[in-house]
Amino acid sequence: MLSDKSQDQILKKTVLHSTHVESNAKMVPFVGWDMPVQYADGIISEINAVRNMAGIFDVSHMGRLEFKGEGAQLFLSSFLSANILALKIGRGKYNFICNEDGGIIDDAMVYRTGDQSFLLVINAGNADIDMEWINPLVAKSTGFNMNVVTKETAMIAIQGPKAVGIVDSLSNGEASNIRRFRIGNATVAGIMATLARTGYTGEDGFEITVSADQGEKLWQTLRESGAIESGLGARDVLRLEAGLPLHGNDLSTETNPFEAGFGRFAYYEAPNSIAGAALRRISETETDRALVGFKMTGRGIPRSGLNICESNLGNNDESNVIGRVTSGTYSPTVDGGIGMGYVDQKYSATGTKIIIDVRGRPVEAEIVDMPFYKRI
Amino acid sequence: MYPDDLKYSKEHEWVRMNGNIAEIGVTVFAEESLGDVVFVDLPKAGTDVGQFAKFGEIESVKAVSDLFSPVGGKIVEVNAATTDSPEVVNEEPYGTGWLIKVEVADASQLDELMDSATYQATLE
């Protein structure tokens, strides 16, 4: 039951690190960062706070890249799967960074912050791999500048039914002028901030970016306004309840946006798209497998890596495997085990009974529509 | 945190003896390390278990851990409350959050367990 505390690697810290430690957060290594997995009241309490009130998350570890200049728009359209050429100022889009085969290097949010300026937010765990992909492309292109602003800014997500109201009260009502999936600037608690009305929990709210030296003040002000500190543990459950994929679990270079069920975020018509030809080809063929959501009907909690088996045989024999769990947890909102996984296409219909091989124990489950939880 | 009348194993389980019946659960250190307990899988009463052998699993939101019996013998009772309300393990790990009761085959097995002070020293 002991966690491994021998970390030879030197972990990176966000500007809020000491704040988390002072709050008695349980800090864990996460993709090279020392991050709060939960605070004193625990993961379930934090999940309930986000579903019923508002929670705040330190997401400063996520990669943030600014692209500015007349060539920025065309450049981004070469490697992002959103229709960047049609993206209006002040809008954000979920998208993928795909390789020439259509495999998913990362998933990302791109925002058009101005006529010739864009913000790209990438996964912390993929930041190095993404830069290895992006840097050679930048070197071949002209007409813009790319700046990595991860270290000079702090990013705090506030999510939950009370989130918008809290930020509104700290910004003279400026915040709620920014509608869903849009981005804008506002003064929050006296701090110049960029507010994206997006998130990773299935709740309304903002992802707020401020200069690094203002991160602590923003965090404390949001806490004093009633938002509950929430860690990576709660965030992972919340995103799964909301049916949102996690790269590294549900998405990888071995999967493509269409089999993951996110074909609508895989625009392939941009004339300079690196992945365009592959994505078009994949979109025109039936995929062999599909990413599905499932709910446990028997006693057990699904976990990433467990086998999914055909149900009629009622066992978990090796010959009976039809897929694999990519994310799984106990959901307090659903009050049961929920998961996502890839299954052979013919078993992917909603209502299909399946068996999860829980470390040798066959446990019944059923494929359901995602999200498991929906507010917005 | 670690009552003096209990015996402890290095796998962070405790034992409370009543005659030849050992009541078994997990320690405060274990339940705090796990975080919110959301699932407990226990064997059926009547099953035999060996000393330090796995007898079940306990799961938090994020992790799965094996449960090891500090003593060997026949499992005479399992705590159904932990199936219906796993959070009792966090709330009262030495009380209503007990897991199984074992009829101890050989009392000398207890010599291989730690007293409270010795167990606490291993946590530092």
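This is a predicted model: local features need pLDDT of at least 70, side-chain atom pairs count only at pLDDT 80 or more; totals for chains, interfaces and linings use all residues.
Residues are numbered from 1 along each chain as its sequence is written, and chains are lettered from A and ligands numbered from 1 in the order in which they are written.

E18(A) pairs in the antiparallel sense with strand E15 (residues 307-310) of chain A over three bridges, pairing being assigned if DSSP finds at least two bridges between two strands. Six bridges join E18(A) to strand E19 (residues 361-368) of chain A, and these two strands also run antiparallel. Ile355(A) stands opposite Cys309(A) on one hand and has Glu364(A) in E19(A) as a bridge partner on the other. The hairpin formed by E18(A) and E19(A) has two residues between its strands, and Arg359(A) in the turn has a positive phi of about 50°.

## The nonpolar core

The largest nonpolar core holds 137 residues, of which Val110(A), Ile156(A), Ile158(A), Ile208(A) and Ile356(A) touch the most other members; such a core is a set of buried Ala, Val, Leu, Ile, Met, Phe, Trp, Tyr and Cys residues joined through C-beta atoms within 7 Å. Strand E6 (residues 104-114) of chain A supplies the largest share of this core, six residues. Leaving aside residues up to four places away in sequence, Ile156(A) touches, among others, Ile56(A), Val59(A), Ile208(A), Leu218(A) and Trp219(A), a contact being two C-beta atoms, placed from the backbone, within 7 Å.

Asn95(A), which lies in strand E5 (residues 92-98) of chain A, is buried, with 25 other C-beta atoms within 10 Å. The C-alpha atoms of Asn95(A) and Val110(A) are 7.3 Å apart in space, although the two residues are 15 residues apart in sequence. The contacts of Asn95(A), not counting residues up to four places away in sequence, include Val110(A), Leu80(A), Ala108(A) and Phe265(A).

Chain A is divided into domain 1 (17-61 + 152-241), domain 2 (63-148) and domain 3 (289-368), with bounds that come from an automatic or database domain assignment. The contact between domain 1 and domain 2 of chain A takes 12 residues from domain 1 and nine residues from domain 2. On the domain 1 side, strand E9 (153-159) and strand E10 (183-188) of chain A are the elements that give two or more residues. The centres of these two domains, taken over C-alpha atoms, are separated by 24 Å.

Helix H2 (residues 43-52) of chain A is largely enclosed by the rest of the structure, because seven of its 10 residues are buried. Among the buried residues of H2(A) are Ile43(A), Glu46(A), Ile47(A) and Arg51(A), and what covers the buried residues includes strand E2 (33-38), strand E3 (55-58), E9 and helix H7 (232-241) of chain A.

In chain B, an open sheet of three strands has the order E4-E6-E7, with antiparallel pairing. Strand E4 (37-41) and strand E7 (64-68) of chain B stand at the edges with a single partner strand each, so one side of each is left without a neighbour in the sheet. E4(B) pairs with strand E6 (residues 54-60) of chain B over four bridges, and Val37(B) stands opposite Ser60(B) in E6(B). Val37(B) is also touched by Asn90(B), as are Glu31(B) and Asp36(B), not counting residues up to four places away in sequence. Asn90(B) is found in helix H3 (residues 88-91) of chain B and counts as buried, because it has 20 C-beta neighbours inside 10 Å.

The contact between the chains takes 14 residues from chain B and 12 residues from chain A. Helix H1 (28-34), E4 and E7 of chain B are the elements that give two or more residues to the chain B side, and H1(B) gives the most, with three residues.

How values were computed. A residue is buried if 20 or more other C-beta atoms lie within 10 Å of its own, exposed if 12 or fewer, and partly exposed in between; C-beta atoms are placed from the backbone.
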